[in-house]
Amino acid sequence: NDMATAFLSYREGVISAFLEIRSDSFADRFSHQTLLFFTILFMVLMVLSYGTAVPSGLFMPLILVGASGGLLCGLSLMTLLEHFNIDTSSMSPGLYGLVGAASMLGGTFRSSISLVVILLEGTGAVQFLLPILLTVTIAKWVGDCFNHSLYDVDLDLRHVPFLHHEPSHAMSSMRARDLCP
């Protein structure tokens, strides 16, 4: 049962199954419905657990949600191409899972180079350096257009003082005499 495998197996095994790069008989392992349900449920559970005071972490759940969403996109694309009688034997849905995990991590944490290194070291898929690098960079840019990183928002919510790289716009026109009464 693919639903039981996705939900009840240990997390590392599920991640390695989602990120499997080889494409031999991969489409039979997880159904579209299982991946859609898994992605939505894990996203909701991740958001709920992050809002509580439970130490659950975000790195592994983000990899799971991104990999399952990317794998769902890859399998859906394979199904669509097979519908039009296009050969999909060289297509790898696990690569879509890897790119999905990279985009979730890059858009949430906004750490580009270190994230690419972690993903390449963890998967050993050095040949996919360019897609992972592009995905993380684009996810960071898109995330920066909408809001701050998750860590910056968390620091603001907890009222922790943090000195940013650039001064705020209001401080750029201030002088030292403006700060001292």
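**Entry 1: confidence.** I looked up where confidence in the chain is lowest and highest: helix α9 (residues 176–179) is lowest, at a mean of 78, and α4 is highest, at 92. The score is pLDDT, the predictor's confidence in each residue, from 0 to 100. Over the chain, I found a mean pLDDT of 85, with 95% of residues reaching 70 or more. I noted that where pLDDT is low, the predicted coordinates should not be read in detail.

**Entry 2: conventions.** I am reading a predicted model, in which local features need pLDDT of at least 70, side-chain atom pairs count only at pLDDT 80 or more, and totals for chains, interfaces and linings use all residues. Residues are numbered from 1 along each chain as its sequence is written, and side-chain values use heavy atoms, with hydrogens and water left out. Helices (H or I, at least four residues) and strands (E, at least two) are DSSP runs, numbered from the N terminus.

**Entry 3: α2 and α3.** I looked up how helix α2 (residues 11–18) packs on helix α3 (residues 32–51), and found an angle of about 130 degrees, with the axes 14 Å apart. Axes are lines fitted to C-alpha atoms, for helices over the stretch in contact, and angles run from 0 to 180 degrees between N-to-C directions. That angle makes α2 oblique to α3; angles under 35 degrees count as roughly parallel, over 145 as roughly antiparallel, 65 to 115 as roughly perpendicular and the rest as oblique. From α2, Arg 11, Val 14 and Phe 18 meet Leu 35, Phe 38 and Phe 42 of α3, contact meaning heavy atoms within 4.5 Å.

**Entry 4: α5 and α7.** I found that α5 and helix α7 (residues 129–146) pack at an angle of about 35 degrees, with their axes 8 Å apart. Among the residues making the contact are Leu 98, Val 99 and Ala 102 of α5 and Ile 132, Thr 135 and Val 136 of α7.

**Entry 5: Thr 88.** I located Thr 88 in the loop between α4 and α5 (93–109). Thr 88 is buried, with a relative accessible area of 7% (buried is under 20%, exposed over 50%, partly exposed in between; 1.4 Å probe, protein chains only). Not counting residues up to four places away in sequence, Thr 88 touches Met 78, Leu 81 and Glu 82.

**Entry 6: Ser 76.** I placed Ser 76 in helix α4 (residues 59–83). Ser 76 counts as partly exposed, at 33% relative accessibility. From Ser 76 to His 165 I noted 89 residues in sequence and 42 Å in space, C-alpha to C-alpha.
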